[in-house]
Amino acid sequence: MALASGVRFAARALLRPWALLRGTTLGRTEPAAGGGGDGARRFGSQRVLVEPDAASGVAVMKLRNPPVNALSLELLTELVISLEKLENDKTFRGVILTSDCPRVFCAGLDLTEICGRNPAHCAEYWKAMQELWLRTYLSSLVLVAAINGACPAGGCIIALSCDCRVLADNPKYRIGLNETLLGIIAPFWLKDTYVNTIGHRASEQALQLGSLFPPAEALQVGLVDQVVPEDQVQSTALSEMARWLAVPDHARQLTKNMMRKATADRLLRQRDADTQNFVSFVCRDSIQKSLQAYLEKLRQRKG
Ligand SMILES: CC/C=C\CC/C=C/CC(=O)SCCNC(=O)CCNC(=O)[C@H](O)C(C)(C)COP(=O)(O)OP(=O)(O)OC[C@H]1O[C@@H](n2cnc3c(N)ncnc32)[C@H](O)[C@@H]1OP(=O)(O)O
């Protein structure tokens, strides 16, 4: 499925600052743990580890940005580059997205990227977040989220952009769009993704309350497709992947595009306005105060 040319162009334009990838191993491959044929040679970058298995056409992409896989500008950029690399390699038909950090799938936006930062940086950061959502939401690959930790806000949006979600049955691993609890709001394209997944009334309530659902409730509301014991998340994700890959790619990709194009086009049509809206919103003194207070609360929790 060809990505909208705007998205591909934007991705290239965004990814020009190769300095972001300084010190990464992108493009270099190294033997995967446990050896294995050349299909098992992994590659990636500093914050994204990709374990491809050419034989099955499935790659496992692990977020590796400790301690909580906060979506820094570098992590966003490396995720887009790694996904694009797999999409351009016709060996691969599916990607399992998971976390290499204990207890956390992804903590959402890295708040230090928008707290106390200038409008130009906030704009660059938000464009990278838009790009990751567009890249995952419209991906020609089958994307399965193997959610092996907490999955709030931006982490939830990555999981929602996948074709299906497997969540570890641990009450601490809650998932949802909790932006209102930080004094901010989800942009329309996060709202749209939520509505497309759990329906309008459930989204309306969950977005306003900033609900973070424990596994049983996440399953019940339709936010995740399976809840399994923690040590079965990866194997279940692989089984789910096999189910999706049993369908001819072209027919599945055309159907996915039919289902998702209108939602993605809504952002593509107003990408600059969305960026300006984000920057003017988060740069407000009142919002900056809310975010600072929230970050402070997070830091104090450890004490
Ligand atoms: C118009 C549109 C406008 C705005 C759009 C806004 C869209 C927003 C989407 C978002 O993603 S906003 C971010 C929302 N994220 C959260 O609310 C998650 C916050 N974090 C947590 O709840 C917890 O950290 C956790 C459950 C993910 C993990 O808990 P635990 O394992 O106990 O780790 P700690 O809480 O001790 O955190 C370790 C360390 O990491 C820092 N940190 C955590 N989350 C973030 C984050 N999102 N950004 C930056 N930093 C984060 C935390 O402060 C700790 O830092 P130390 O320096 O104390 O080690």
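1. Basis. The model is predicted: local features need pLDDT of at least 70, side-chain atom pairs count only at pLDDT 80 or more, and totals for chains, interfaces and linings use all residues. Residues are numbered from 1 along each chain as its sequence is written, and side-chain values use heavy atoms, with hydrogens and water left out.

2. The ligand sits in the largest pocket (more than half of its atoms lie within 2 Å of the pocket's grid points). A pocket is an open set of points on a 1 Å grid over the protein atoms alone, where a 1.4 Å probe fits, with protein on both sides within 12 Å along at least five of seven lines; lining residues have an atom within 4 Å of a point.

3. Pocket size. The largest pocket holds about 1600 Å³ of space (the space filled by probe spheres set on the points, which are joined across faces, edges and corners). Its lining comprises 48 residues, with Val68, Ala107, Pro152, Tyr294 and Leu298 the closest to the centre.

4. Polar contacts (pairs of N or O atoms within 3.5 Å) include a side-chain N or O atom of asparagine 178 at 3.0 Å from a ligand oxygen. A backbone N or O atom of leucine 111 lies 2.9 Å from a ligand nitrogen.

5. Second pocket. About 300 Å³ of space lies in the second largest pocket. Among its 13 lining residues, Asp163, Trp244, Lys256, Met259 and Arg260 lie nearest the centre.

Key: A polar contact is a pair of N or O atoms within 3.5 Å; within protein, one must be able to donate a hydrogen and the other to accept it, and residues adjacent in sequence count only if both atoms are side-chain atoms.
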